[in-house]
Amino acid sequence: MDYPPRIFSHFLYKNCYLADAEKMREGNSKIDKIYSTARSISTDSIYRLSQRRKSAQEDLEMALDSMEADRIASQLAQRTKAWIAELSGGKVDDDDINISGYSGSKLSEAHTWEELSAKRKDSTIKITASFYGESGWRPIEITPSKQTFEKYLDTTIDISQLTLNAVNQRICKIENRIENLRTGDWKYLLNDKACEIDFEGPDMFDDSDRQTLSQFIQDDLHEQGTLLSSLIAGGWIAQDYKLYSTIYSDEGMSRNALNFVIHNINENKSDFSFHLNDADVQNVLKRVRHRDNSLFGQAWMLNISILNYLVKSKADEDKKTLRMVISYLSNLKGVAKDFLLAFLSDEENKTAEVLELLAADTCSEILEFLADDVATLADTTTLCDFLDVVLRHLNKNVQYEVSDAFNNFIQQHWEFIPVFSDDSLDEEVAKQLDKVLLDSHYSAPDLSCLSEPLRRLLVEHDGYDFTRSNLLCAINDLQGTFAKHEMLALNQIRSISTPVYQYVIKNVDKYLDFLKESEYALDFVDGTVASDVDSDIVAVLGDSVHSIFDTRKSEDKWVELEQVVSGIIKKHSHTARMLHFESDELKNRLSSGIDDETRKRISVSYVNELLRNDAIWFTPMNLQTVLESVGDVEEADACGEWLKLHSSFESTKEDPEFDRGNLAVKLLNLPLDVCNAKKKESLVRSLQLESPLSDEQVSNIKVGDSRVFDLKREPDVYARLLDDKSIIGDTETAFGMIPNICWEARRTWLLRSAKFITYLSPNLLGPNEACRIIADEDTRLEPVLQKIVEDMSVYIQDADFDYLLEAAKAWMSHSGKTVDKDRTELFDELATKDERLHGVKELWELGLESNLCVRMINRAFDEQGIDDANIGVAREIIQHLDVPYRQLFNDKNRTLNTDDENFVSLIAKLNQYAKRSGITPEDIWRNPQEKDGFTKYTVAFSSVEKLNEKIDLLQNQSAINN
């Protein structure tokens, strides 16, 4: 439209609307309001359409999963029904149509048409239906090929293609409308209902509440059908109306550029979407530079066309101007923030370049802005691209703000942001990115997908999820290996990286769960110095304990502590065993932050687990330390389990000095259920004692404790210690350790001892034991027997009857039934214990000499007295002795001669018994006369008869009672 008609239109307006025309000076006329409203509608619609375009593009990516596909499927079903109705000439029953087995609601599902479109072109499609004709309802069946079916429908049945076409058409409509809106043409806006109701629905959920330009003129300005509305509708007054009301000298400037200058620069108003081509922008910038450079720092600069031009321009002046615009935008407040949102909402803008410049500037809120504000208008892919640009161009001098939204987005979508996986990332960029990620508490779910530079930085501050794969990746990077799938032991991780080790220790329970059967929590290379092994084991366990105490709740600490300590020690390799064990080493390592009682408890648990899992070398030194540590082995199950694992000491190159004797005593005192006797002896002998244990040490051996030495089942178990290179000395003290009740054990000692007779004394042997030795047939005891015989009376004094009897029997056997008159002590002692003369009788039956039998009877009567209980046995024995003894009870005998003083003493006792029993008031054997060493008695034979009768009566009564 030429200038003159528009000038005339403007002249007409000013004359017909005098008052309103005056308001134009202040920018408050109706035409000014229409301009502002039109620009607002254009800007708002472009923004909203940009969002719809992104939504449509997302639909394009997942077309078959969208409602769009089902809508098109319904359209295909309706086309098919219409075609059948046309063929049949009647009304088709909607519920009765069937296409190759699909009917009803299935025909409105995209999946159904996917199946049908998958058929070959010449494949038959069977269609059945019912239609209503002149003769009522009738069935119809047609079987076209797929190609024929599509021909009659006049469309493909490929649901994917149809959906893509529909979405592409929708995108195309949106893009065309955006281009029209950018012109700002009032005539277009007057007829643009799409700003209120879009092609298939509202632009946004609240679009139905928005006004069109036509509605604004009618409802707000009340100019419906007026001259002003007609001039605008006819295009006689348009958005460049100020060009006809003002005289400008800027020749060569386009009307569009001039219109922008008038409305925006002169009034310092921003109009984001005012469309300017490159020539327009150049004219605008030239005019500003000509007028005043200070104008560049004002709001009018916030125009998408201007910013796009400045970004792509190579001119130095434009670059300088661009820096001013970027600086203005960097505060991200108010209109600057709104403009940037509008700019970034259109992917055709130079978004990447602007974001790069903002990131490199001092825009500390750019990340927070993208995640909090841009995220609401950009799809995930676009936002990932924006973040990629910014994260690659961070300013090292800026502390960037991060929000929860940023943190969450990065955590969820990091793998779609290329900078994370870019191995070409230089070190400085990686450092700045890592700094931001650290502030955002980012934790990488999969380290292997990140670039190596970034991985290494994240590993330094635990910036990754604690998973097996991540831990392996971190370790492989540190070792310079690739795709190694074996987990390192804790001590190995400790040696290569402090940050990784500390992170593992914080999560040591999870680490233990990661380990496979063939992997270890403690493992060392063969040949590692023993002291290093020991110290590393203690260090790892100490660090784990501290971690649990620092991070776990009090009620969970003990359970987790025991599980972790046990778990680490259980997973040790054969190289991870302590050579020089010190029971308090872990306790001493724990800090003062843990009280003494707790540290002691931890130490006990630690020692027990080491023992149960054989994580301590079974050496004499370690065993001594363990035994001192646990105290009562019988109550220390772990120590017992450890001992049961080993039959002998393990050999080591290092053999430190220690108190072997003390250890030998501790070994010998181990309970049998922990260590059997042969094993104890073997372990003690392997100590290679330089000399037998001293009497003081031997006195500490628990020989009398059946739980330690079962002398009843193994009588020789203690005496064996004398064999070969003696463990204990052959001394009175050592022998005295054997309880008196354990005769077999003491006898074994006598048999094995080479020095026993040198320290044998009556105080060392009991009288019964002396009798046992006398009765023993083992010739090896002969030296001991001879020593006893030399002082027989002392050794057997107070021996029990049974032992004396057995000894007497044996003595008779040894001496051939003839007893030396100087060796009667044994028989004399026996007689003093023989209350009923059963011992004498048994010996007589074995052939004891008559004079000794009489001697024993006489001694027995001396000790026990003669009474009704023993008189019968005495007569029985005497009657079978040699002459003259057997004549004693012969009532036919008138005299009795004897030279045996014991017999004389016995006769006196019998005379006393007869008197006491009332048999006779006088002696039965009377008038003793001494002649030539003999004593001759006169016998009162009638009294002898009475005495025999008395004894017979007593024996009969005894038989009846028994």
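Which hand does the crossing have where helix 36 passes helix 38? What we have here is a predicted model, where local features need pLDDT of at least 70, side-chain atom pairs count only at pLDDT 80 or more, and totals for chains, interfaces and linings use all residues. Residues are numbered from 1 along each chain as its sequence is written, and side-chain values use heavy atoms, with hydrogens and water left out. When I say helix or strand, I'm talking about DSSP runs, H or I of at least four residues for helices and E of at least two for strands, numbered from the N terminus.

Okay, back to that pair. Helix 36 passes helix 38 in a right-handed crossing; right-handed means the near helix is turned clockwise from the far one by less than a right angle, and left-handed means anticlockwise. Helix 36 covers residues 743–752 and helix 38 covers 767–775, and their axes come within 12 Å and cross at roughly 60 degrees. Those axes are lines fitted to C-alpha atoms, for helices over the stretch in contact, and angles run from 0 to 180 degrees between N-to-C directions. Helix 36 and helix 38 are therefore oblique to each other, given that under 35 degrees is roughly parallel, over 145 roughly antiparallel, 65 to 115 roughly perpendicular, and the rest oblique.

Who touches whom? On the helix 36 side you've got Trp743, Arg746 and Leu750, and they meet Glu769, Arg772 and Ile773 of helix 38. Contact here is heavy atoms within 4.5 Å. The residues of that contact split into 3 nonpolar, no polar and 3 charged. For the classes, Ala, Val, Leu, Ile, Met, Phe, Trp, Tyr, Cys and Pro are nonpolar, Asp, Glu, Lys and Arg are charged, and the others, Gly among them, are polar.

Now another helix pair. Helix 30 and helix 32 (residues 660–668) have axes that come within 10 Å and cross at roughly 65 degrees, and this crossing is left-handed. Helix 30 brings Pro620, Leu623, Gln624, Leu627 and Glu628, while helix 32 brings Asn662, Leu663, Lys666 and Leu667. By class, that contact has 5 nonpolar, 2 polar and 2 charged residues.

Next up is helix 42, residues 825–833, which is mostly covered, with 7 of its 9 residues buried. Buried is under 20% relative accessible area, exposed is over 50%, and partly exposed is in between, with a 1.4 Å probe and protein chains only. The buried ones are Leu826, Phe827, Asp828, Glu829, Leu830, Ala831 and Thr832.

Strand 7 runs antiparallel with strand 8 (residues 934–939) over 5 bridges. Strand 7 and strand 8 form a hairpin with 2 residues between them, and Asp932 in the turn has a positive phi of about 55 degrees.

Most residues other than glycine have a negative phi, and most peptide bonds are trans. Asp614, not a glycine, has a positive phi of about 50 degrees, and it sits in the loop between helix 29 (596–612) and helix 30. So is Asp614 buried or exposed? Buried, at 19% relative accessibility. Asp798 also has a positive phi, near 75 degrees, in the loop between helix 40 (792–796) and helix 41 (801–815), but at 55% it counts as exposed. And the bond from Val883 to Pro884 is cis, omega near 10 degrees, with Pro884 in the loop between helix 45 (871–878) and strand 6.

Last stop, Ser943, which is in helix 47 (residues 941–961) and is buried at 6% relative accessible area. Leaving aside neighbours within four places in sequence, Ser943 is in contact with Ile919, Thr920 and Ile924.

How values were computed: Two strands pair if DSSP finds at least two bridges between them.
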